[in-house]
Amino acid sequence: MTKRHLEPLLWLLFSGGGVMAAVFLPILVVLFGLAIPLGWVQPDYNHLHAVVSHWLTRLVLLGLFVVMLFHAAHRFRFTLYDGLQLRGFATPIAVLCYGAALVGSLAALVIVLTV
Amino acid sequence: MADSIQMNVTRYDPDQDSAPTVARYEVPLRKDWAILDGLNYIKDHVDGSLSYRWSCRMGICGSCGMNIDGEPKLTCAAFLSDYAPGPIRVEPLSNFPVARDLVVDIGDFMEKLPRVKPWIVRDDVTVIDGEYLQTPEELEEYKQFSNCINCMLCYAACPIYGLEPDFIGPAAIALAERYDLDSRDRGQRERLDILIEKEGVWGCTFVGECTKVCPKHVDPAGAIQRYKLKAAQENVMAFLLPRGTR
């Protein structure tokens, strides 16, 4: 009989977010941080808007943002715990980190739904 | 090359000293001498009371691990000339209580290791009736993890083990993985029950130092991440499936 722990689920989000961040974040950064601002590619606005408006794009973007935020929260949590030796504040740190990720996820949901 | 090198060796006798002290020794600097040869020179020619563990001097027995310039090393595999012109700092492995000089108390590791049952578990065999054949592919599955020599360098390198002494530690998890991956073994469930707990794989925060210092290239950090996936799958099942069906 396996007890129900929360830690493995948080780790799965962390782990999945790490893979997603490693694979997709560089692409997004190069596209929207360099290629488009520097004029290497000049996508048609209407075309780009149509792509982002598609429900599949919204779903993928939302999924990416959520797992990446939880990845960051998990990493930051352990940096605070062990890096700064703050184990005494374990619960408030966890609430703060995952709470921030949750708030970010909700913000992402609102943005993705309203673009 | 200079003909001698200074070794700054930690000395500690719990019966007499209130805290460890550092003793400085000059030893011959020879190209083919390892740190262990330097320690043996000190013990034979300078101070016979120096205490340290060693046995095979060829990276098999795993008993001569010490912190060299702050990094866990097998002293038989670290050469004096690589630290020239010195001085070389020789200290006992960190994260373990010191029994005397460079000898650490490994009781905690010896207690933790058998918890993961690092042997082939089978209850359907009562009499050994010959050989249990494996294909080269089945051997390859676990071979890397079977290179562990229990030298405990990974425990000395792991900052989590230093902070959380309850953490079962890198080598124990790597050895659990070694037997889990063995086609002859049936003990996966028993090991998972131990490692799925907080003191098991969830103690690890993937610092990765264990893999960096491993003298046998076992990759304990990799083993722990593989085990976390197994444990997480088990937990997801626990959330999804009702009691009694598992």
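## Contact between the chains

In this predicted model, ten residues of chain A are in contact with 14 residues of chain B. On the side of chain A that touches chain B, the elements giving two or more residues are α1 (7-35) and α3 (55-83) of chain A, and the largest share, five residues, comes from α1(A). Sorted by class, this side of chain A holds five nonpolar residues, together with two polar and three charged ones.

## Overall form of chain B

The secondary structure of chain B consists of nine helices and seven strands, and its C-alpha atoms fill a box of roughly 70 × 40 × 30 Å when taken along the principal axes. Of the 246 residues in chain B, 36% are buried. Among the contacts in chain B with a separation of 6 or more, 67% are accounted for by residues 24 or more positions apart.

## The largest nonpolar core

The largest nonpolar core has 76 residues, and the members that touch the most other members are B:C154, B:I173, B:L175 and B:L195. At least three residues of this core are drawn from each of domain 1 (4-104) and domain 2 (107-240) of chain B.

Conventions:
Residues numbered from 1 in each chain as written. Chains lettered and ligands numbered in written order. Predicted model: local features only at pLDDT ≥ 70, side-chain atom pairs only at ≥ 80, totals over all residues. Core = buried A, V, L, I, M, F, W, Y, C linked by C-beta atoms within 7 Å. Buried ≥ 20, exposed ≤ 12 C-beta atoms within 10 Å, placed from the backbone. Domains from an automatic or database assignment. Contact = placed C-beta atoms within 7 Å. Helix = DSSP H or I, 4+ residues; strand = E, 2+ residues; numbered from the N terminus. Nonpolar A, V, L, I, M, F, W, Y, C, P; charged D, E, K, R; others polar.
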